[in-house]
Amino acid sequence: MIRLLRFVVLVLLPWVLTAAVAAPSPTVLGDIRFERKSKGDEEFAPAVFPHWVHRVRYKCYVCHNKEMGFAFKSGSVAITMESIDQGKYCGACHKGEPAFGISFETCNRCHRK
Amino acid sequence: MSLLAACSTPPALVSMAHTVRDTVAMIPAALFDKPPPGQADPGDAPVVRQPRRVPFIDPAIEEYKKMLAIAEARAKLPPPANWTEMYARLPKDDEDNIDWMAALKDKTITPSGVIDASAKDPGKTEDIEVELSTSGKPKRMVIFSHEAHTQWLTCTNCHSAIFKKEAGTAKITMDAIDEGKYCGVCHDKVALAQPSGCKGCHKVKAKKS
């Protein structure tokens, strides 16, 4: 009985708690999982674009315009990490300010399963 | 004896003098609207009267007050700590999808039109409503609201790549929308008309003519 209690307290409870706290953000209508077209690390998860997160802060035409180059079609632009580093596409915002920058600490904020 | 008689007042005169005194005491009450003797003077306290008719309550003002209360309550809330919390705050429809127009309306979100806050917002608004006659469901006409759409988009997003500016030039069908043309460029991909289902767009009953 004590063993069972200890199992519950030491193993199950932390597992349930971490699962509850670190719950992945829900899949929302408009979320885009980019297809990997360029050669890269096949083991590494392709990037996910949560449309709703961006809609909270910005209107559609902030990204969907000619200067930014995003058309109204997923997969129509070839986004590479190089182009982001040059400040194109995601890199227009994701450079530290206004949004988090690209670094080895932030890989899994976009590249997640 | 006659002197004594002259000095004492006759009873008739006394009662007359009393009457005069009482009458003079009544004068301020009559002149200055004072309560009759024996009743308490209310002083300067305002007189409370019942309303003569039931006051009119405007439902539009009441709804506005309710929204204002919600907005004020939200302003007191701390900003959401993370995106999960933000997601929980966004208003949802009956199918648990985010109701973006409601989020705009109740100011849960105030999306910006520019990345750099000092830059000029290139967005333009428009409030022309376009009536789209429907052949399949003649009773359920679609009224396209420019006002709702230009809160998110600007003219060049749709004109002229998706729709020409002249009304009636696009032959929009549900099949075309399902294939991702016309409304289907955004709708059912990132945008949902509310309420969900057909009635989101096909909400206007055509008048019998």
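A:Cys107 sits in helix H4 (residues 107–110) of chain A; helices here are DSSP runs of H or I with at least four residues, strands are runs of E with at least two, and both are numbered from the N terminus. The residue has 14 C-beta neighbours inside 10 Å and therefore counts as partly exposed. By that convention, a residue is buried if 20 or more other C-beta atoms lie within 10 Å of its own, exposed if 12 or fewer, and partly exposed in between, with C-beta atoms placed from the backbone. Between the C-alpha atoms of A:Cys107 and A:Phe44, which are 63 residues apart along the chain, the separation is 9.9 Å.

Let me state the conventions. This is a predicted model, in which local features need pLDDT of at least 70, side-chain atom pairs count only at pLDDT 80 or more, and totals for chains, interfaces and linings use all residues. Residues are numbered from 1 along each chain as its sequence is written, while chains are lettered from A and ligands numbered from 1 in the order in which they are written.

I turn to confidence. The model has an ipTM of 0.71 and a pTM of 0.68. For chain B, the mean pLDDT is 85, with 93% of residues at 70 or more; pLDDT is the predictor's confidence in each residue, from 0 to 100. Within chain B, helix H1 (residues 2–7) has the lowest confidence, a mean of 59, and helix H6 (residues 146–149) the highest, at 93. Where pLDDT is low, the predicted coordinates should not be read in detail.

Next, the two folds. Chain A contains 4 helices and 2 strands, in the order α-β-β-α-α-α from the N terminus. Of its 113 residues, 10% count as buried. Chain B contains 8 helices and 3 strands, and 9% of its 209 residues count as buried. H3(B) is hardly covered, with 0 buried residues among its 18.

The largest nonpolar core has 6 residues: A:Cys60, A:Tyr61, A:Val62, B:Trp152, B:Leu153 and B:Cys158. Such a core is a set of buried Ala, Val, Leu, Ile, Met, Phe, Trp, Tyr and Cys residues joined through C-beta atoms within 7 Å. Leaving aside residues up to four places away in sequence, B:Leu153 touches A:Cys60, A:Tyr61 and B:Cys158.

Finally, the backbone. Most residues other than glycine have a negative phi, and most peptide bonds are trans. A cis bond joins A:Glu97 and A:Pro98, with omega about 5°, and another runs from B:His159 to B:Ser160, with omega near 0°. A:Tyr89 has a positive phi, near 50°, and B:Asp188 has one of about 75°.

How values were computed: Two residues are in contact if their C-beta atoms, placed from the backbone, lie within 7 Å.
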